Structure formats: C-alpha cells, structure tokens
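My plan is to look things up one at a time and write down what I find.

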Amino acid sequence: MLAAIHLLGRLALIRPRFAAGYLIVLTVTILAILAPLIAPYSPTEADSANFLQPPSAAHLFGTDNVGMDIFSRAIYAPRIDLTIAVLGTLLSALLGGSIGALAGYYSTGHGIRVWLSFAVMRAADVIQAFPVFVFAIALVASLGQSIQTVVLAIAFVNAPIYLRLMRSQVLSIRSMRYVEASQVNGLSDFQTIVRHVIPNAMAPVLAQLSINVGWGILLTAALSFVGAGVRAPTPEWGSMIAMGFQNVVTGQWWPSMFPGVMLAITVFGFSLVGASIEALADPAKRRQLLSDARQRDRKKAAVEQPSLERI
Amino acid sequence: MRVLTYLAKRLAFVIPQLVGIILVSFLLVKSIPGDPAVLMLGPTATPDAIAGLRQSLGLDQPLYMQFFIYLKNLLHGDLGTSWQTTRPVLDDLIQRFPATLELVTLSLLLAIIVGVTLGVYAARRPNGWIARLSDAYGLSAGALPDFWFALVLIFVFYTVLHWAPAPLGRIDMVVIPPMPITGAYTIDALLAGDLEAFWSALSHLALPVLTLGLLNAGPILKMTQATMEKMLDSDFSRYEVLSGVPQRLVVRHALRNSLPSVVTIISVLYGYLIGGAVLVEIVFSWGGAGQYAVQGVLNSDIYPVLGFVLFSAIFSLIVYIVVDLIYVLLDPRISN
Amino acid sequence: MSKFTATLERELDARVATPAAPLVAIKQLSVEFPGSTETKQVLKGLSLSVQPGEIVGLVGESGAGKTTLARSILGVPPAPGRISGGEVVFEGRNILDLPEPELRKLRGRRLSVVVPNPRAELNPTATIGKQIAAMARIHLGVSRKEAMRMAFAMLRDVQIPDPERRMNAYPHELSGGMAQRVVIAMALICSPAFIISDDATSGLDVTVQAQILSLLERLAADNDSAMLFITRDIGITAHFCSRVAVLYAGEIMELAPREDLFLRPAHPYTLMLLAAFSHSPKLRDAWSVPETGRRETSAKGCSYAGRCPLAQEVCRERPPPLAEISPGHFARCHFPVVDR
C-alpha cells in the first residue's frame, strides 16, 4: 500500500498530467462524499424570487431558472453521477468479464460449450452493433426510468468490452506453457483461471475501468439531458445542462456552463487515470517513465553534490 | 468476377447478422411499456376501438408471430407506421436519414482533416509542442460531452458574436429547401443552382459539424500518430533516408503505408456517428434519424426505433464492405 | 589512450591514406549505442581511406560493427546508435557536418549503400519500377518518363529476368536474389562515385552470390566507382578487392594490400579467419581459442585479448596502436606475426 503511494508520488513528479488526473478524481470523490458539509444551500430548495441570478458572492455559480443555487447542485451532482457510473462499470466488468473468460476457456474443445461460447460472441457482436445511445435509452424506457435502470443500461452497453478483453486474455494465457503445467498438476479449470488469468488481466481491465467510469458519467448525463435518466430536481450534471439549455441561447450561460465544465473535467480526470495505468502496464512506456525518473534523480543528485562537497 | 463472389460471400454473412440485430431490437422495443393502440387513438378512445386497432395491428398475436409478421413486412419494404407522424416509417426515414448522413459525413471530413494533420505532425516531431498539444487534445476531446460543447459553441458564435444562425434546424425558416434528390440540402441546392438555399444550409451546418468534427477527431489523431511513428521508424523509411530521399517524400510514403489502419478507424467512426450524432441533432433541432428514434423511444413509438436501428446497421455493414474493397486497392499484398 | 599513442595513431592514420588524395577518408569515426544500463561503443575511432576507383574489402564477424559502419559513413547509424565523434571527408568536406538536406542530396547520388536483406527495406506499397525511378527523379531531376526508362535500363543491367514484368512488381513478389538486384539498381542508377556494399550477398544461394559479386564488380568498373566491400567471408575479398581491412569489435585490426593479407597475415584474428578455411585441423586449432562464454571486451587493453592464443599481460593492459609493419601493411597488435 505504501509502496503504491510512493510509486504514485514519483509518477506525479515525472508526468504531472497523471498527477492532475488522480487529483481530479480524488477531488470529485471528496465532493461527492462531503457535499452536504460544503454546499451553502440545499440542492433542491428553490428560491423563486432570485431566479437566473448571475454568479455573485452569495451564489458562486449563480441561480437557475427556478432559483436553485447552481453551485450547491453542481457539487451534489457527483453523488449521483459517480455512483451510477461506478456501479454500472463494475457491474459490466463482472458480468462481461466472467462470461468472456468462460467463452475464452470453452472456445475450443467439444460439445455444447463450444457452441455456447460461439453464440455468446455473436451476441456480443450484435450488442456492439447497436447505436449506443439508442440502445441505452431503449433499455431505460423498457425497464422503467430510475437510477437502477440507468446503472443496468451502463452495465449492458459496456459488458461486451470486458467480454472481449477477458476472452482474449484467457486465449493468450491458455497457450502458455505454465498453464498447461498447472493443469497437469491437477488444478481445476476454475483454479487455473483464478491463478493465472486474473493477475495478468488486471492492468488492462483496470485501465479500461477507469476510462469506462468516465464514459458512464457522460452517458448518465446524456440520458438525463433528454429526460430519460435522472429526473429533476435531483441534482445531476446532465439534467442541469438541459434545464439551462434555453437560457444559454438568450444569454444566461451559467446554469449550463458550470455543470458542463465540471462534467468535462471529471471525465478528463478519469481518462488521465486510465492513461496512467496503461502507461505503467505497457512495458515500453514503463521503460520511458523509468528512464525519465532516473534522469530526474541524476539531475537532483548533480544539484545536491556540490553542497555535500562544500561540507 | 472475383469481386462479385467476394461480395456474395460477405452478404451471406451479413444476413444472419442483420436478422440477429432486428431480433434483439424487436424484443427490446416490445418490452417498452405503452400500448400503441391506446397511444394512437388517444385518451378518448373506446375499449372496442382499441381492441379493433390492436387486432388490425396484429398486437393480439404471440410475440414470435409478431416478429415474423414484421420480418415479412420488411421484405415488402414496409417498416411499420409511426403513430406520432402517422406516416410510414420508411417515408420518415427517407426524409430524415439523409439529414443525419449529411451532418455526419461533413463532420467526419472535418475530423479526418484535423486528426490526420495533427497526427502526421505529431509523429514527425514526437517531442515537439504539436505532439504534446495533440496528446492533450486527444484526451480532452473524448471527455467533453457533445451536447454541452454544442451549447458552448451556440453561446459563443450565436448569442455573443451573432456569426452563426439560430440553432433551429437545417435551413433558415424563410428559405425554401431545395427539391430533394439526395436529401442533403447542400448537394440538392447546388444541383438546383439555388445559391441562397446552399449558403443557408451551409451556415446551419457550421456549428453542428464543428461540434461533431472536433470532438471525434481524437481516435483518428491517435491512430494516425501511432501508425505514422511506426512507419517512420520502419526499415523501409530508414532505407529511404539512407538513399537520400527528401523528408517530405519519406513522410508521404509513410502516410501511404499508414492508410489501412487510418481507414479502419474512420470506418468504425462513421458507423458509430450515425447513432452518435443524436444529441447534437436534438440540440440543433436537426430533424435527423437519430432524433427520430429517440423521440420514438420516449413516446413508446416503436417502429421508428426499429427502422432506425435497421438503417444504421445496414449502413455500417455497407461501410465495412466498401472499406474491405478499399483495402485491396491500398495494400498490394492482400489481393492474392 | 595516452596522449602519445593518440598522436601516433593520428600520424599513422595520415599514412594509412596513400599519397594521392583519397575519395573518401573516414577519420576516427566513433559510434555509440545507448543502452538501458550503459552505453556501448560499437565503433571506436575507426579510420580508413578509399582512393577513387579502388575496391577496399572489409571483413568482420556478426556484431563487429559492419552495418553500423556502412550506415554511419552516410550519417545514419542504425537505431538507436549515435555518431559520437570523427569525420567522413568526401571531396574535401566533412559530410557529417553538413545540414541534413545537404547530406540527403549526396546520399544515393554520389555515395550510396547496397543493403542486405532488402525485401524488408523496400516500400511495400510501391512498385519496383517506381522506387528505382524515384532515385533518378529525386537526384537527377529527370522527367517521370525518362526516369522509368532509366529504371528499366538498370533492371536489364542487373540482369533481372523478365524486366518488363518486374517493373510493375511489388517487393513481396520478389525472391531474395531479385530483391538484392533491385537494391543494387537503386544504389547505382545515379552512377555514384562511392558505393558501400554491406553484406550484399548474405542469405543468398551460393550460385546467386557469385552472380551478384560479378555484377557488382562489373558495375563498379563501368561507372569508375570506388567501393567499400563489407562482408563476413574473408575468402570473397580475395576475388576483387585491392586492399582488405579486418574489423573486430569496432576497430580495424589489420589493413593490407590483398597479397600481403593473404600471404603474410600478421594479426592473430586474421590468421584465425584464414585458418578456418584451411584443410589442416592443427592449423585451425592453433588459431582459435574456445569461447570462454563472456564476449565482453575489456575496457583497457586489446579487444581481442580474450580470444587470442598469443595474448600476453601487456595485451590486457595496453591497447595496441595500428602500426605499419611493412609498407602499406598495418596491424593492431603488440605481437604481430611477422616471420614466416
């Protein structure tokens, strides 16, 4: 644990953009948790006398067209967006990943398992051929509009990605000798998967998870924007943007702009975290990072040397 | 002759895929609550009228029968009727799909220009400021929500600067749209020699194309940069340098060799954008096919949704087949 | 290396160049390869001159630095190599100092390289005819038609069978021998003054090798070009090189006119190379030392000391300079084999 933090700290110094990513994700998470303590106003309380006020000392981000304080709503929104996106993504990884691993394992051999694994791959093809947004919105419509169904929509839409990822991991690991060796040693299929496949798959899956959480937030916001996701007045960045839509055209930019900027920065942060995991996992990029780190250390040492000699 | 057999083989694969897609979407939209008969006749309808309509629509049949009836109608060119527009879905889509296609195609062109140019520059000087800018651009472009970015552009270019027209559709309200030949206002206006309609349509296309084009250039940029770097580092590029070939030619040859990968990503993006332009269509009241489908879902009008999925799937498949043929032209090693 | 030996080396280098002005003078060329832990010196202050119209052979085993030398002469060491010192003087100018666009005008036009394993080096998406013609168009500025005509003539010259068809062929459709001829055509179409042939016959069938060799010899003579003929096979150099150099671990170990090298070899490494062809097993064993496993060249001392049967203490302590042991015959050894 400490080693991981130490590694991240050094990473931050060589590639500041990755540090920025982790910082953003951390900040948004803190906002989600501590929103009730930080927000000056209630996120759903409307002060109809003071609607559409531009940003001021009293209302940092201004007020929207029913008088709700945008700043408070904007920092309450991560609770919804983040929760939905994280849950949906984790679900998609578990669902897609386990099916994918099995599909990879039973892709050769005999009997009905091979057929099933083939059918599963074709089903994944079909799901991925769907226009993503229409698919998500149809899922939400058919299951009833609620937070849970948005989570399910995200899970379904992203499951094929993990399905393919785990399947290719299993297929590539299978061909390696040490897996055969472990099978000879009498380990069951399940144990083989757990022991060999999962550790190797960790890095790409983690990177994908992080990026997907970002996409999940975008999808949630998009669904809410058209009215098929989180319902008003629950604070959510997408629905806030929708509420301020007409106002932008007439010149009151703040109800839509602030939530949009926060949304963009958050998704950006998750993308950076995903990119940093990719960089650590990919051997070529890791070498580059290490050599940059060593260069930094050498420069630091060169600076520190003269002072030692003086003593 | 070889091309024909190849096409025939691809089409044979395509049919079951299409049936699969239609099946899944059929099941999906059928599970959307809302009785179409009630929706079509309105709240004042009598139970008898509703029952009668249900029977004529075939809604009293079991689900698998309904599916077969739908497939049978498809083969006759009948995609069902939208109760919102009261017109056949096929007619609605023939009107709306070209609107989406025009928007998406122009956006894709913009994305290609931005993505390939930046990608090539970034590959030539991997440590230069353009490369760093491209990295940042690639990451941020994917993070921005398109519906919000469209709003930003509207605010800047319409509300503040008054350069762009109001985001209310494809053409000025006072201008008569050109005779529909292709369905794309710009092309049809040029074909009819109607310059006023042409400029009006073009000005209305500006902001949505900017939105979609700039935000989707990321994948093209990354693929171009990665492939170009590989090509510039390859043995044959080094040999060209060794033989004294000037750098601009070396880059050109490397680009030529990078085309297959770049074309792949463009084709994937093209298929994706047909459905992915939905939000931009909604923001700009575009009247496109994606917007049509979303309205269908929100109002339990299922045939528009099915029709849109079908159109978009067929379009993607056509794009992939065309791309495969392009590969044969691009890479001499494949044709054997 | 001490200052004294450095000066001595430079004086000898000056004499390595024969009295008339050389066409190409490589002076103290050093190339290093940065690695993950340390930097490896692949070429260590190598000096060599080639007279106009002369064919100089260079023999070295794998890893000795042949390809590094071939490409570094033109300023493009193989990745991730860097030229760390030295000059290549061509027509009075150090071409390594030239700006890149200037250097490109010389490459392929006045100095060119024939590369080994050419199928990987040719552009996979352009026809052979276009690639050869491109050299003429870029360097000689001729029209497209004229360039294609010259390319076709070149293909006939290198004796490619069925040249009309081959003009429109792609690299992957060629055999190794044909691809080698194409690369020779590309290197010679502008009639360069200096040709570097880098292991041009590696991987080819013996009969094809012989054809390629005689082809190179004839084309060089036809164009009055000088050539640096780099190879792994010392026997080949006896064929048509007037002088032969022996390369080991980035340094020239011996340099002599052909007869001197083959009849009176002085360096133990040369003797080992020649003995490998001998019929006498005793002779072979006398000159080769079994690999001790470590191919590391020591930082000080002679780089061949680890494999040399004549090595003494001083060989591991001090690096020997390239000394002239008889007119025109140089050896880098503390104990060159001089008696016969």
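How many bridges pair strand 1 of chain C with strand 4 of chain C, and in which sense? I note first that I am reading a predicted model. I count seven bridges, and the pairing is antiparallel. Strand 1 covers residues 24-34 and strand 4 covers residues 82-90.

**Entry: around Val89(C).** I followed one residue of strand 4 of chain C. Val89(C) is the bridge partner of Ala25(C). I then looked towards strand 5 of chain C, where Val89(C) stands opposite Asn94(C). Strand 5 spans residues 93-94. It runs antiparallel to strand 4 of chain C, and two bridges join them.

**Entry: chain C as a whole.** Chain C has 13 helices and 12 strands. Of its 340 residues, 47% are buried. I also looked at contacts with a separation of 6 or more. In chain C, 63% of these are between residues 24 or more positions apart.

**Entry: a helix in chain B.** Which residues of helix 8 of chain B are buried? I list Tyr185(B), Thr186(B), Asp188(B) and Ala189(B). The helix runs over residues 185-192. Its buried residues pack against helix 5 (89-124) and helix 9 (195-215) of chain B. Just after helix 8 of chain B comes Gly193(B), with a positive phi of about 75°.

**Entry: chain A against chain B.** I turned to the contact between these chains. Chain A gives 35 residues and chain B gives 35 residues. Helix 11 of chain A supplies the largest share, nine residues. I sorted this side of chain A by class: 27 residues are nonpolar, seven are polar and one is charged.

**Entry: chain B against chain C.** Which element of chain B gives the largest share of the side that touches chain C? I first noted the totals: 16 residues of chain B are in contact with 24 residues of chain C. Helix 11 (235-242) and helix 12 (247-276) of chain B each supply at least two residues of the chain B side. The largest share is that of helix 11 of chain B, with six residues. By class, I get seven nonpolar, four polar and five charged residues on this side of chain B.

Terms used:
Residues are numbered from 1 along each chain as its sequence is written. Chains are lettered from A and ligands numbered from 1 in the order in which they are written. This is a predicted model: local features need pLDDT of at least 70, side-chain atom pairs count only at pLDDT 80 or more; totals for chains, interfaces and linings use all residues. Two strands pair if DSSP finds at least two bridges between them. Helices (H or I, at least four residues) and strands (E, at least two) are DSSP runs, numbered from the N terminus. Two residues are in contact if their C-beta atoms, placed from the backbone, lie within 7 Å. Ala, Val, Leu, Ile, Met, Phe, Trp, Tyr, Cys and Pro count as nonpolar, Asp, Glu, Lys and Arg as charged, and the others, Gly among them, as polar. A residue is buried if 20 or more other C-beta atoms lie within 10 Å of its own, exposed if 12 or fewer, and partly exposed in between; C-beta atoms are placed from the backbone.
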